[in-house]
Amino acid sequence: MVELKARTPMAGLLPADVGALSLTELDLRKMTLLAPFQGQEAALSKVMKAKHGMEWPMPNRVTGKAGAKAIWFGRAQALLVGPVPDDSLAKHASLVDQSDAWAVVELRGEGAVDVLARLTPVDVRARVFKRGHTMRTEVAHMMASITRLGEDAFQIMVFRAFGRTLLHEVTNAMEGVASRHGA
């Protein structure tokens, strides 16, 4: 009998370091897409606050803390990351497990903004795209979610099937940026 083993989307492919830049896989554990029922967003936000310590995120924002976050994921959608959703959330929203659906990486280091400038049309400079800001956009030719984690740190999410393509595109951009900075 064949024994199947669970693997993360980037297993064996990361970390990748180029000059001052690093690309690592993030394990966000549980990921649940929340879509509030009509007229239930405020009630859902209250339950999220009571049960998970965070409110419903405003557009293009993240709420919560490390280990338990709600990432805005589109109109009337948020991705609950970290905790298993409390059963009481289902009274106010549709809940869809997305835990195995996404490849999630962290791009970190001096020049990370320059790397993303090569890959996405979004202006991710710190004066515009601050810590806790998030955006659903294109990275290279893939639909993605980009979240600023810190001064030179970004979380990038693409569908799991595009994990290797994301690795290829980001490491190529990292090499280009590193060569311009003399690394």
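The side chains of E106 and R108 form a salt bridge, with N and O 2.5 Å apart.

Q: Hi! Before we go on, what sort of model is this?
A: It is a predicted model, in which local features need pLDDT of at least 70, side-chain atom pairs count only at pLDDT 80 or more, and totals for chains, interfaces and linings use all residues. Residues are numbered from 1 along each chain as its sequence is written, and side-chain values use heavy atoms, with hydrogens and water left out.

Q: Thanks. What counts as a salt bridge here?
A: A side-chain nitrogen of Lys or Arg has to be within 4 Å of a carboxyl oxygen of Asp or Glu.

Q: And how many turn up in the whole structure?
A: The search finds three salt bridges.

Q: Back to E106, then: buried or exposed?
A: E106 counts as buried, at 12% relative accessibility. Buried here means under 20% relative accessible area, exposed means over 50%, and partly exposed is in between (1.4 Å probe, protein chains only).

Q: Which residue does D97 pair with?
A: D97 meets K30 in a salt bridge, at 3.3 Å from N to O. Since D97 is in strand β7 (residues 93–97) and K30 in strand β3, the pair ties together parts that are 67 residues apart in sequence. Helices (H or I, at least four residues) and strands (E, at least two) are DSSP runs, numbered from the N terminus.

Q: How accessible are those two?
A: D97 is partly exposed at 48%, and K30 is partly exposed at 23%.

Q: Changing topic: where is S45?
A: S45 sits in helix α1 (residues 41–52), and it counts as buried, with 16% relative accessibility.

Q: What is S45 in contact with, leaving aside its neighbours within four places in sequence?
A: S45 touches M54, E55 and W56, where contact means heavy atoms within 4.5 Å. A polar atom of the S45 side chain lies 3.0 Å from the backbone nitrogen of W56. S45 and L89 are 44 residues apart in sequence, with their C-alpha atoms 9.2 Å apart in space.

Q: What about A140?
A: A140 also has a positive phi, of about 60°, and is not a glycine. A140 lies in the loop between β9 (134–139) and β10 (142–150), and is buried at 18% relative accessible area.

Q: Last one: what should helix α3 span?
A: The 18 residues of α3 (residues 163–180) should span 26 Å at 1.5 Å a residue, and the end C-alpha atoms are 26 Å apart, which agrees. The expected span is 1.5 Å times one less than the number of residues. Buried residues of α3 include L166, L167, V170 and M174.

Terms used:
Polar contact = N/O pair within 3.5 Å; in protein donor to acceptor, adjacent residues only side chain to side chain.
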